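Look over the sequence and the structure first, then read the points by topic.

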Amino acid sequence: MAGRFAPRTPRGAVRGGIPGQALAPGRVRVWVPDGPLDLGLVLGPLRRGPGDPTFRTMPDGSVWRASRTPAGPGTLRVTARGGELRGEAWGPGAEWLLEQLPRMLGAEDDPAAFVPRHRLLAFTAHRRPGLRLVRTGLVLESLIPSVLEQKVTTLEAYQAWRLLVRKFGEPAPGPAPGRMCVMPSARTWALIPSWEWHLAGVDDKRASTILRAVRVAARLEEAAGMEPAAAQERLELVSGIGPWTSAETVQRSHGAPDAVTVGDLHLPGIVGFALGGDRYADDAEMLRLLESYAGQRHRAARLVLLSGRVPGRRAPRMAPRGIERL
């Protein structure tokens with residue numbers, strides 16, 4: 001798992017990557033939340049696999065993120081100490097990242113609005129009081145990896161994201177842990193040759209969806225200021241982006257508490273099993289079970305996943321297709 005072991009530092013090298021930058025101080029902001037906050041639970045959904053070049057969890061509990069903000073690329077390090085959160089940022093996007101820090105960590109989220117109606121969810125909410133819904137305010141950085149996750153195994157999607165970001169992104173500013181990268185700009189995504197998508201294991205359908213999205217990147221980023229439902233409508237105007245992808249995006253970009261994911265292969269069965277004992281539940285049954293949590297259905301689904309009450313596998317894990325080898 002990411003952050004389980006400290007990255008090796010070659011002899012004579014400066015930890016964090018670029019010599020001379022490791023000692024460069026970043027801009028700092030300290031924020032005190034109005035209640036318990038679990039940094040791992042809040043920021044965890046932003047991590048796209050253990051090798052995500054834009055996300056790193058360190059042994060000291062700090063979380064590093066590399067983002068492409070409206071002001072430019074930036075690196076953010078967040079640590080929790082004694083009830084306060086400390087953010088330190090580097091790069092052209094540093095001020096933007098620090099300005100957004102409380103919002104990203106759930107300052108505008110209201111966990112008290114969730115009223116558990118199932119014993120399992122009441123117990124899980126009590127056991128996980130630090131759960132807040134992340135809100136990045138950045139649409140494209142959540143949309144593109146969500147498109148990569150369409151109709152494939154998570155391993156395939158994580159590999160594609162890792163390969164493309166490392167090859168076409170840029171090094172994270174400041175003393176970021178080794179090999180951290182900022183994702184490519186919209187223009188760079190648009191210029192990736194077709195064979196590079198293929199080598200990353202991305203089929204034409206997903207690649208074409210991303211290309212259509214980055215052509216209207218500015219309009220999609222405007223959706224960060226909209227209500228989640230309106231933002232989903234705008235995203236779904238792009239061919240290839242449906243309710244599954246738009247929900248997965250606004251859950252992260254907007255901290256949308258009601259944006260429940262429909263069209264998922266596993267989630268209906270997990271929710272159905274946890275709340276109704278039905279491992280074969282479909283989307284309609286899942287939505288029926290979550291009806292009493294209207295306005296908080298995404299939070300309810302997160303708590304179901306955190307409860308650990310999931311049905312056993314019915315079949316072996318789907319094998320990756322590996323189209324890059326064709």
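Where is the place of Val30? Val30 sits in strand β1. The model is predicted.

- Strand β1 covers residues 27-31 and is joined to β5 by 5 bridges. The two strands run antiparallel.
- Val30 faces Arg86 of β5 across this pairing.
- Val30 is partly exposed, because its relative accessible area is 44% and the buried class stays under 20%.
- Val30 also belongs to a nonpolar surface patch with Val28 and Val32. Together the three have about 240 Å² of accessible area.
- In a regular strand, side chains alternate between the two faces of the sheet.
- Strand β4 (residues 72-81) pairs with β5 as well, in the antiparallel sense, over 7 bridges.
- Thr75 stands opposite Trp90 of β5.
- The hairpin of β4 and β5 has 2 residues between the strands. Gly82 in this hairpin takes a positive phi near 55°.
- Strand β5 (residues 84-90) is largely enclosed by the rest of the structure, because 5 of its 7 residues are buried.

**Nonpolar cores**

- The largest nonpolar core has 33 residues. Leu140, Leu143, Trp189, Trp197, Val202 and Leu220 touch the most other members.
- Helices α5, α6 (154-168), α9 (204-215), α10 (217-222) and α11 each supply at least two residues of this core.
- A second, separate core holds 21 residues, including Trp31, Val78, Leu85 and Ala89.
- In soluble globular proteins, nonpolar side chains tend to be buried together.
- Which residues does Leu140 contact, leaving aside its neighbours within four places in sequence? They are Pro145, Met183, Ala186, Val214, Ala217, Leu220 and Glu221.

**Ala207 in helix α9**

- Ala207 is found in helix α9.
- Is Ala207 buried or exposed? Ala207 is buried, because its relative accessible area is 5% and the cut-off for buried is under 20%.
- Leaving aside neighbours within four places in sequence, Ala207 is in contact with Trp197 and Val202.
- Ala207 lies 13 residues from Ser194 in sequence. Their C-alpha atoms are 8.3 Å apart in space.

**Helix α12**

- Helix α12 spans residues 243-253 and is mostly covered, with 10 of its 11 residues buried.
- Among the buried residues of α12 are Trp244, Glu248, Val250 and Arg252.
- What do the buried residues of α12 pack against? They pack against α5 (140-148), α11 (228-235) and α15 (297-307).
- Gly255 follows α12 and has a positive phi, near 60°.

**Salt bridges**

- How many salt bridges does the structure hold? The structure holds 17.
- Glu170 and Arg68 meet through their side chains in a salt bridge, at 2.6 Å from N to O.
- That pair links distant parts of the chain, 102 residues apart. Glu170 is in strand β6 (residues 170-171), and Arg68 is in strand β3 (residues 63-69).
- Glu170 counts as partly exposed, at 31% relative accessibility. Arg68 also counts as partly exposed, at 21%.
- Arg135 forms a salt bridge with Glu108, with the closest N and O atoms 2.6 Å apart.
- This pair too links distant parts of the chain, 27 residues apart. Arg135 is in the loop between α4 (119-127) and α5, and Glu108 is in the loop between α3 (101-104) and α4.
- Arg135 is partly exposed, with a relative accessible area of 22%.
- Arg103, Glu108 and Arg135 are linked in a network of salt bridges.
- Glu222 forms a salt bridge with Arg219, the closest N and O atoms being 2.9 Å apart.
- Glu222 and Arg219 both lie in helix α10, 3 residues apart, which is about one turn of the helix.
- An α-helix has 3.6 residues a turn, so residues three or four places apart point the same way.
- Glu222 is partly exposed at 41% relative accessible area, and Arg219 is partly exposed at 47%.

Conventions
Residues numbered from 1 in each chain as written. Predicted model: local features only at pLDDT ≥ 70, side-chain atom pairs only at ≥ 80, totals over all residues. Heavy atoms only, no water. Buried < 20%, exposed > 50% of the residue type's maximum accessible area, 1.4 Å probe, protein only. Helix = DSSP H or I, 4+ residues; strand = E, 2+ residues; numbered from the N terminus. Contact = heavy atoms within 4.5 Å. Pairing = 2+ DSSP bridges. Core = buried A, V, L, I, M, F, W, Y, C linked by side-chain atoms within 4.5 Å. Patch = residues over 30% accessible without salt bridge, like charges linked within 9 Å, V, L, I, M, F, W, Y side chains within 5 Å. Areas by Shrake-Rupley, 256 points an atom, 1.4 Å probe, with all protein chains shown as cover. Salt bridge = Lys/Arg side-chain N within 4 Å of Asp/Glu carboxyl O.
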